[in-house]
Amino acid sequence: MTARSGLRLAALPLAACLVAGAAPQATPDTGTTVTLAISDLRNAKGVVRACMTRDPARFPKCRGDAHAYSAIVDAHGGTVTMRFADVAPGRYAVALLHDENANGKADRALGMMPKEGFGFSRDAKVQMGPPVFDDAAVQIDRAPRTLPIKMRYML
């Protein structure tokens, strides 16, 4: 399954993706496949939202980025997999939200502390806010790539 710019996907367990085999190599006219292997979801409530961008100014929300890849899948306790197809080579950063109440936003306690799960490529750390693009950025080349990302919860 693939996703690009807001398409809704059915979540796949990681094992099912591995059984399906590797994605084909990219040709000069197409991009490659990037798979997000998202682990440590605490429950099956709501959805998982993903955003992958090359624009440091639009990370981590990707709003207004016509070239960002985004997807929404139903949450499953444990592991969820998402795929982006035809990804052009470049440096990208990924941001995730486990939107447990599926309201389309990151809920916060006292206006600051995230109440829902989040994750970033390279498991970039959160300090007094989300990480900067360079801390989460990964190089995507022509070969298919799998990015493992742990979901984290503060409350």
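## Close-up views of the predicted model

**View A. R91 forms a salt bridge with D134, and the closest N and O atoms of the pair are 3.3 Å apart.** The pair links distant parts of the chain, with R91 in strand 6 and D134 in helix 2 (residues 133-136), 43 residues apart. A salt bridge is counted here when a side-chain nitrogen of Lys or Arg lies within 4 Å of a carboxyl oxygen of Asp or Glu; helices (H or I, at least four residues) and strands (E, at least two) are DSSP runs, numbered from the N terminus. R91 is partly exposed at 39% relative accessibility, and D134 is likewise partly exposed, with a relative accessible area of 48%; buried stands for under 20% relative accessible area, exposed for over 50%, and partly exposed for values in between, computed with a 1.4 Å probe on the protein chains only. The structure is a predicted model, in which local features need pLDDT of at least 70 and side-chain atom pairs count only at pLDDT 80 or more, while totals for chains, interfaces and linings use all residues. Residues are numbered from 1 along each chain as its sequence is written, and side-chain values use heavy atoms, with hydrogens and water left out.

**View B. The side chains of R49 and D99 meet in a salt bridge, at 2.8 Å from N to O.** Since R49 lies in strand 3 and D99 in strand 6, the pair ties together parts that are 50 residues apart in sequence. R49 counts as partly exposed at 23% relative accessibility, whereas D99 is buried, with a relative accessible area of 0%.

**View C. A salt bridge joins the side chains of R42 and E100, with 2.8 Å from N to O.** This pair, too, links distant parts of the chain, 58 residues apart: R42 is in the loop between strand 2 (32-41) and strand 3, and E100 is in the loop between strand 6 and strand 7. R42 is partly exposed, with a relative accessible area of 39%, while E100 counts as buried at 16% relative accessibility. By the rule used here, the salt bridges of the model come to five.

**View D. The peptide bond from F59 to P60 is cis, with omega near 10°.** P60 lies in the loop between strand 3 and strand 4 and is partly exposed, with a relative accessible area of 23%. Leaving aside its neighbours within four places in sequence, P60 is in contact (heavy atoms within 4.5 Å) with C51, A95, F120 and P130. The C-alpha atoms of P60 and A93 are separated by 7.8 Å, although these residues are 33 apart along the chain.

**View E. The largest pocket has a volume of about 1000 Å³.** Grid points are joined across faces, edges and corners, and the volume is the space filled by probe spheres set on the points. The pocket is lined by 34 residues, of which P60, K61, L97, A106 and R108 lie nearest its centre. At least two lining residues come from each of strand 3 (47-53), strand 4 (69-74), strand 6 (90-99), strand 7 (108-109), strand 8 (113-114) and strand 9 (117-120). By class, the lining has 21 nonpolar, six polar and seven charged residues, where Ala, Val, Leu, Ile, Met, Phe, Trp, Tyr, Cys and Pro count as nonpolar, Asp, Glu, Lys and Arg as charged, and the others, Gly among them, as polar.

**View F. R122 has a positive phi of about 60° although it is not a glycine, and D123, also not a glycine, has a positive phi of about 45°.** R122 is found in the loop between strand 9 and helix 2, and D123 lies in the loop between strand 9 and helix 2 as well. R122 counts as exposed at 53% relative accessibility, whereas D123, at 22%, counts as partly exposed.

**View G. The whole protein has two helices and 11 strands.** Read along the sequence, these elements follow the pattern β-α-β-β-β-β-β-β-β-β-α-β-β. Of the 155 residues, 41% count as buried. Among contacts between residues at least 6 apart in sequence, 73% join residues at least 24 apart.

Note on methods: 1 Å grid on protein atoms, 1.4 Å probe; cavity = no way out; pocket = protein on both sides within 12 Å on 5 of 7 lines; lining within 4 Å.
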